[in-house]
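Please keep the sequence and the structure open alongside the text.

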Amino acid sequence: MAAPLASKAGSAGTNGKPPFPELDFRSGARVEELNKLIQEFTKHDQREYDDQRALEIHTAKDFIFSMLGMVQKLDQKLPVANEYLLLSGGVREGVVDIDLDELNVYARGTDYDMDFTLLVPALKLHDRNQPVTLDMRHSALCHSWLSLRLFDEGTISKWKDCCTIVDHINGATNYFFSPTKVADWFYDSISIVLSEIQKKPQRGMPKVEKVEKNGTIISIILGVGSSRMLYDIVPVVSFKGWPAVAQSWLMENHFWDGKITEEEVISGFYLVPACSYKGKKDNEWRLSFARSEVQLKKCISSSLMQAYQACKAIIIKLLSRPKAISPYHLRSMMLWACDRLPANYLAQEDYAAHFLLGLIDDLQHCLVNKMCPNYFIPQCNMLEHLSEETVMLHARKLSSVRSDPAEHLRTAIEHVKAANRLTLELQRRGSTTSIPSPQSDGGDTNQPDDRLAKKLQQLVTENPGKSISVFINPDDVTRPHFRIDDKFF
């Protein structure tokens, strides 16, 4: 970590010489310089949006929700009144714990300008007041199979073509909800709906530039005006309450105690379509606490979040081959650090450099020891399956970062600036389908006015990096039903 200052007050020492600048012991980098580099990275990474860009974000969101309403009407499989979780950042950004090795590589600036992850419940179990017990007999920790015995006959009839069937000796048949078959159905359904939509294009409608199935998620890139937006759509199973396997976690002391209520943290969880290293892909789902993480994020200081974002940008580039470490691992380490370190220390505004160096140290420690506990289920080691060769390769790469963090920060800054330049160039060329601006005379009585654009701009600028929970009725997609944290709009 960093070497302490000889005199924090800045007064001269006993020999009359000025105090020595605060240095990082390992690299010799000046902490003040690292702080400035992190601030510069944050400035370029978190862009402000004008009225037009805010309107484009809103238009893309409405298009996606309308599309999902049409998917529900195809065969009535999806719940009629569904509750989605919209997260800022794509799956590749580590917003959910899904393996990245099956995903095509998309780059900001080259392929998209903004990215989102949308969790769409295919099934909901929302009537449980007691801890939810899952069938983990066949799977690794933090994973589960899901039997449709928990549901009524109507649900089984709807979804049995997306199940694997297990016949028991007593003659009973058990249907296990298959993440791979659900993803196949979802991709096929979305493709059908988008094909129908594109047969009757409407003025101002987003241009669908790409639709791809990446493992068990569906990635859609929309062109709206001068913006390209990536939506990673993930079919999930949604639960109210809390899983029994994570019950002991609630008994421990945590950094969020007293800042948010336990009811906010344990309001629900998901099963996402991802299996363990040796698991059966057709049957195994992974527990996800994305809803809880949205709440916990509110308790993390801005300086720590800036360090996390900068560190994430560095490791995404550096540790991409072989794909063993994801940004979600780094997110878990940050949450553990929040539990471990004093809140008043983590709240220091000028400590971003200390936090960045600490996150790199933590990640290297986890690699060398091949140990990264899941934050909510600590008995689950997320690095257990890696080979010694892989972890040592990545540990050595991180050692190079730790030896010259300033240079790697400069590289991250150049990458994000290059991505922004590509975005601006695309805007100048106007190569994507344009939507009318709020001020233009589009001849469409349903065109949002300037007040809507200003309201959307206010939402975006006031809530940087926050996640949005959305409640949508597919029979009435004209009304906005979205929430940023605890505020409704």
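Leu287 touches Leu134, Met136, Cys142, His143, Ser144, Pro243, Val245, Tyr270, Leu271 and Ile377, leaving aside residues up to four places away in sequence, where contact means heavy atoms within 4.5 Å. The model is a predicted one, in which local features need pLDDT of at least 70 and side-chain atom pairs count only at pLDDT 80 or more, while totals for chains, interfaces and linings use all residues. Residues are numbered from 1 along each chain as its sequence is written, and side-chain values use heavy atoms, with hydrogens and water left out.

- Leu287 lies in strand β10 (residues 285-288); helices (H or I, at least four residues) and strands (E, at least two) are DSSP runs numbered from the N terminus.
- With 3% relative accessibility, Leu287 counts as buried, a word that stands for under 20% relative accessible area, with exposed meaning over 50% and partly exposed the range in between (1.4 Å probe, protein chains only).
- Leu287 and Ser144 are separated by 143 residues in sequence, yet their C-alpha atoms are 7.4 Å apart in space.

**The chain as a whole**

- The chain contains 13 helices and 13 strands, and 52% of its 489 residues are buried.
- Of the contacts between residues at least 6 apart in sequence, 73% join residues that are at least 24 apart.

**Nonpolar cores**

- The largest nonpolar core has 116 residues, and those with the most contacts inside it are Ile64, Met67, Phe177, Phe186 and Ile220; such a core is a set of buried Ala, Val, Leu, Ile, Met, Phe, Trp, Tyr and Cys residues joined through side-chain atoms within 4.5 Å.
- Helix α10 (residues 352-369) gives the most to this core, contributing 10 residues.
- A second, separate core of 17 residues has Ile98, Leu100, Val234 and Val294 among its members.
- Phe177 touches residues including Ala122, Leu123, Leu146, Leu148, Trp159, Val182, Val237 and Trp285, and also Asp282 and Asn283, when residues up to four places away in sequence are not counted.

- Two packed helices are described by the angle between their axes and the distance between the axes.
- The axes of helix α1 (residues 31-45) and α7 come within 10 Å and cross at roughly 80 degrees; axes are lines fitted to C-alpha atoms, for helices over the stretch in contact, and angles run from 0 to 180 degrees between N-to-C directions.
- On the α1 side the contact is made by Ile38, Phe41, Thr42 and Asp45, and on the α7 side by Gln306, Ala307, Gln309, Ala310 and Ala313.
- The residues of this contact of α1 with α7 divide into five nonpolar, three polar and one charged, with Ala, Val, Leu, Ile, Met, Phe, Trp, Tyr, Cys and Pro counted as nonpolar, Asp, Glu, Lys and Arg as charged, and the others, Gly among them, as polar.
- The axes of α1 and α10 come within 8 Å and cross at roughly 90 degrees, and these two helices are therefore roughly perpendicular to each other.
- Here Val31, Leu34, Asn35 and Ile38 in α1 meet Ala352, Ala353, His354, Leu356 and Leu357 in α10, a contact whose residues divide into seven nonpolar, two polar and no charged.

- Helix α2 has 25 residues and reaches 38 Å from its first C-alpha to its last, close to the 36 Å expected, and it is mostly covered, with 18 of its 25 residues buried.

- Gln76 has a positive phi of about 60 degrees although it is not a glycine; it sits in the loop between α2 (51-75) and β1 (82-88) and is partly exposed, with a relative accessible area of 37%.
- Cys142 likewise has a positive phi, of about 75 degrees, although it is not a glycine; it lies in the loop between β2 (114-125) and β3 (143-144) and counts as buried at 2% relative accessibility.

Note on methods: Angles under 35 degrees count as roughly parallel, over 145 as roughly antiparallel, 65 to 115 as roughly perpendicular and the rest as oblique. The expected span of a helix is 1.5 Å times one less than its number of residues.
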